[in-house]
Number of protein chains: 2
Amino acid sequence: MSIKTVSRVLNNEANVRPATRDKVKAAVRELNYVPDVSARSLAGQRSYMFAMFYDTASEGYLSRFQKGALDACRDANYHLIVEQCRVGAGGTADRLAATATQLRVDGVLLLPPVGDTEEIVERFAGLDIPAALIAPAGETFGMPAVRMDDASAAQEMTQFLLDSGHRRIGFVKGHPAHGATSRRLQGYSNALREAGLSSDDMLITSGDFSFESGVDAADKLLSLAEPPTAIFASNDDMAAAVIRCAAERGMQVPVDLSVVGFDDALISKATVPPLSTVRQPVETMAAAAINRLLEATGSRAMSDDASVANRSYEYQILHRASVASGPFKV
Amino acid sequence: MSIKTVSRVLNNEANVRPATRDKVKAAVRELNYVPDVSARSLAGQRSYMFAMFYDTASEGYLSRFQKGALDACRDANYHLIVEQCRVGAGGTADRLAATATQLRVDGVLLLPPVGDTEEIVERFAGLDIPAALIAPAGETFGMPAVRMDDASAAQEMTQFLLDSGHRRIGFVKGHPAHGATSRRLQGYSNALREAGLSSDDMLITSGDFSFESGVDAADKLLSLAEPPTAIFASNDDMAAAVIRCAAERGMQVPVDLSVVGFDDALISKATVPPLSTVRQPVETMAAAAINRLLEATGSRAMSDDASVANRSYEYQILHRASVASGPFKV
DNA sequence: TTCGGATTTGACAGCGTTGTCATTTTTGGG
DNA sequence: CCCAAAAATGACAACGCTGTCAAATCCGAA
């Protein structure tokens, strides 16, 4: 029983007699043997490692995404290296590429806004390391991408506000570096346009997904001479900030102001009233991204699911108590 | 200029002539060379990798901790592998040990409740892989531990409620597997005892750090014949749930009920009114844990800071609007 | 200028796997 | 029962570094 035979068994290669295979497996269990990942990646062409690059994800997004990715990795006996970076800073593309190279990872996950950054995406397109883009904005250079139809979700949510009778609907944008930001704004605008409403630039404020930026945006919107009767914030943290601001001004949500968010973050259940929001299948998307990388590595049979390249994932609109309907003055 | 000399320069070893060193560095920059981590860990005795094992951390905790750890890793040119596990499940200790071994990591971070699980901690004590325990409950087997004085913080917070005139103070416990859970309860009890109050078991409810468990606990406490005038929840998610429940019952916080939490999670700023809470230096503790591992690996000079072994980290009590004072009926 | 010791550099053998290819064993047909 | 082809197994180099130790170079003092 040579060392090579053991290797064959552990890698599930063909041409090993069942009896031998069993004997090896027994010994492995007996000795509690685990193959050394470093040696494997040095000698073979796989490292059993993926890297996940992110900048700043909202708390809930990071933990949900990471969970989905880790579950998928575990199933495939892979490990996940996480790395934080600043997409704005110079040399980030080089550093990420260098990291992926020296780590010999079999693939990388580029979370937003990393996968939205052309310089970085282009860099990985030039490397021969598979990269999966999560919710990217622009050019994918033929790389696998996993995304949700943010525009439709935002449009649907806006439509819901319109259906509830709202005509002046404020919008709080997300972080400009994220692809989702423009797609969500797009959906909002589409809904207004289809309803025959002219969009009022005063009603569109900028934000960066942070609670604080939501406070600023809400202040601006609620101080308007003609304030909106509903506000759609690009994520729940900012929506919660809007609710908080409204409360401070003595406004009652949803009586005086309807508010909706995006993400179904934990915070959306804690606000009073709870927020209507959009739930993304974050864990599923993370797992899908890992599976794409696995396919690229050739370690996973192309499933039907996978053959639907770059498909969009289903969102879900959660109706909670933060929206009121009624006739509003125009 | 042999390959060995390059190795010496990259590892900052002594006995390389400055001129040689410069030449090598120039070439490295020129060729964009990065040493292969797998080869390094196979040949040498360091892998430049740490592993972080966690079960389920609250969203905010995970992202803050991970950030602190990653920042510290980056400074030392280390990488971080994350792995999720279920401490309750059988064989977890073996699997974690196997993972750490096959990965050749230079150390592991055991987050709560992983580092609270005797079986797992004991397993790592037997391995020769340095392990740092984060906020552990029990025996540390001589391993480096990084913790905060949860008991003092909870006691101080409870004292604050007492000082505000509250005499019936409800308590919502955290997840029983976490060491912090009993320490926080301890602090609460201590404060009551020192105030000469007999503790009422009816006022102590169980929870598991989740929002939902907070709802259940709040329902129980607020349904009491003699309900508390203040509730101390072991974390902010549960405290937010308490506020939400109170609101649903038509109670005004803090007029009818004072609520305090623990963690300074994002959610604590979103509640109406915002929560008084305890802020832990999570990032600092994570960085400290990494530094301990670095010391254990011998790659970091023992700093003064470090010589204070297993010291506690400073918390901060944040006073926000969720507590009212006044005379309450006893 | 020369010598001895200290400093700097390099040659070479692994580290624990996998890939390649040769060798051995098994299998089935005549 | 023998032989060829197929299947199973093993020998060995290589992956890109680091550790060890020997060789080369440098330095200052006599």
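Val172 of chain A stands opposite Thr205(A) in β7(A). The strand β6 of chain A, residues 169-172, pairs with β7(A) in the parallel sense over 2 bridges; two strands count as paired if DSSP finds at least two bridges between them. Helices and strands here are DSSP runs, numbered from the N terminus, with helices (H or I) of at least four residues and strands (E) of at least two. This is a predicted model, in which local features need pLDDT of at least 70, side-chain atom pairs count only at pLDDT 80 or more, and totals for chains, interfaces and linings use all residues. Residues are numbered from 1 along each chain as its sequence is written, while chains are lettered from A and ligands numbered from 1 in the order in which they are written.

The pairing of β6 and β7 belongs to an open sheet of 4 strands in chain A, with the order β7-β6-β8-β9 and parallel pairing. Its edges are β7 (204-205) and β9 (258-260) of chain A, each of which pairs on one side only.

How are the two protein chains related? The same surface serves both copies, since 100% of the contact residues of chain A recur in chain B. Two residues are in contact if their C-beta atoms, placed from the backbone, lie within 7 Å.

The contact takes 37 residues from chain A and 37 residues from chain B. On the side of chain A that touches chain B, the elements giving two or more residues are α3, α4 (59-75), β2 (79-84), α5 (92-103), α10 (236-248) and α11 (267-270) of chain A. Of these, α4(A) gives the most, with 7 residues. By class, this side of chain A has 19 nonpolar, 11 polar and 7 charged residues. In this classification Ala, Val, Leu, Ile, Met, Phe, Trp, Tyr, Cys and Pro are nonpolar, Asp, Glu, Lys and Arg are charged, and the others, Gly among them, are polar.

A residue is near a strand if its C-beta atom, placed from the backbone, lies within 6 Å of it. Two or more residues of this surface come from each of α1 and α3 of chain A and α1 and α3 of chain B. The surface near DNA strand C has 10 nonpolar, 8 polar and 5 charged residues.

Around DNA strand D there are 23 residues, and Thr20(A), Ala43(A), Ser7(B), Ala43(B) and Gly44(B) come nearest. Here α1 (3-10) and α3 (37-43) of chain A, with α1 (3-10) and α3 (37-43) of chain B, each supply at least two residues. The residues near DNA strand D divide into 10 nonpolar, 8 polar and 5 charged.

Helix α10(A), one of the elements at the chain contact, has 13 residues and reaches 18 Å from its first C-alpha to its last, close to the 18 Å expected at 1.5 Å a residue. The expected span is 1.5 Å times one less than the number of residues. Because 11 of its 13 residues are buried, α10(A) is largely enclosed by the rest of the structure. A residue is buried if 20 or more other C-beta atoms lie within 10 Å of its own, exposed if 12 or fewer, and partly exposed in between, with C-beta atoms placed from the backbone. Among the buried residues are Asp236(A), Asp237(A) and Arg244(A). Just after α10(A), Gly250(A) takes a positive phi of about 80°.

Some backbone features remain. Most residues other than glycine have a negative phi, and most peptide bonds are trans. Phe209(A) has a positive phi near 80° and is found in the loop between β7 and α9 (211-222) of chain A. Phe209(A) is buried, with 25 other C-beta atoms within 10 Å. A cis peptide bond joins Val272(A) and Pro273(A), with omega about -5°; Pro273(A) lies in the loop between α11 and β10 (277-279) of chain A.
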